[in-house]
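Please open the structure in your viewer and keep the selection tool at hand.

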Amino acid sequence: MLEDVFWDDADTDLLTLALTHPSYTKEKGELESLENYERLEFFGDSVLKLFTSKLLYEGYPDYAEGKLSKIRSILVSDYTLSKIALEIGLDKIIILGHAEEKQGGRMRESNLACSLEAILGAYYLSGKEATVERFLEKFLMPFATDIEEHFEKYNAKDVLQQYTQDL
């Protein structure tokens, strides 16, 4: 499934880096190595927020900034990103160290989310902005529709906070 979404004339070195968990490089004895996804994940987080903001801005012209911000925060959460990562099969190809693998790292929300952000960063740096936008439109924006329809389900913390303030 992942090959259907990504890997169209992509920079394979950057994509390999985007899939490499820090546990792998640490086990190879490269304690201070930059040869893992952390820097790409840092960059990809901003790419994700930029394109998500653009899609929400265009898709919901009647929403105020506050509502758009709340929806975006849910969309870019580890919970949502890990669901997308599983849907596209990212869990099968993340490069993990043995210990992380044994501890269930393939299914860890944070690992899946970070690797997906790193892939988005890699694509952006490769000049594939349109691929990033199409991907997010296809896989992320359906969550926006669900969030809009079932906001309380995703926003339990705010609902609880408002309830306790009303007491």
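**The whole protein**

With everything selected, the protein exposes about 9500 Å², and carbon and sulfur atoms supply 52% of this area (accessible areas come from the Shrake-Rupley method with a 1.4 Å probe; for residues, only the protein chains shown count as cover). The model is predicted: local features need pLDDT of at least 70, side-chain atom pairs count only at pLDDT 80 or more, and totals for chains, interfaces and linings use all residues. Residues are numbered from 1 along each chain as its sequence is written, and side-chain values use heavy atoms, leaving out hydrogens and water.

Colour next by secondary structure: the protein has 12 helices and zero strands (DSSP runs numbered from the N terminus, helices being H or I of at least four residues and strands E of at least two). Of its 167 residues, 44% count as buried, that is, under 20% relative accessible area with a 1.4 Å probe, protein chains only.

**Helix α5**

Select residues 65–75, helix α5, whose buried residues are Leu68, Ile71, Ile74 and Leu75. These residues lie on the same side of α5 because they cover an arc of only 125 degrees around the axis (the arc of the directions from the helix axis to the C-beta atoms).

**Helix α10**

Now select residues 141–149, helix α10, where Met141, Phe143, Ala144 and Ile147 are buried. Seen down the axis of α10, the buried residues fall within an arc of 140 degrees, so they line one face of the helix.

Note on methods. Buried < 20%, exposed > 50% of the residue type's maximum accessible area, 1.4 Å probe, protein only.
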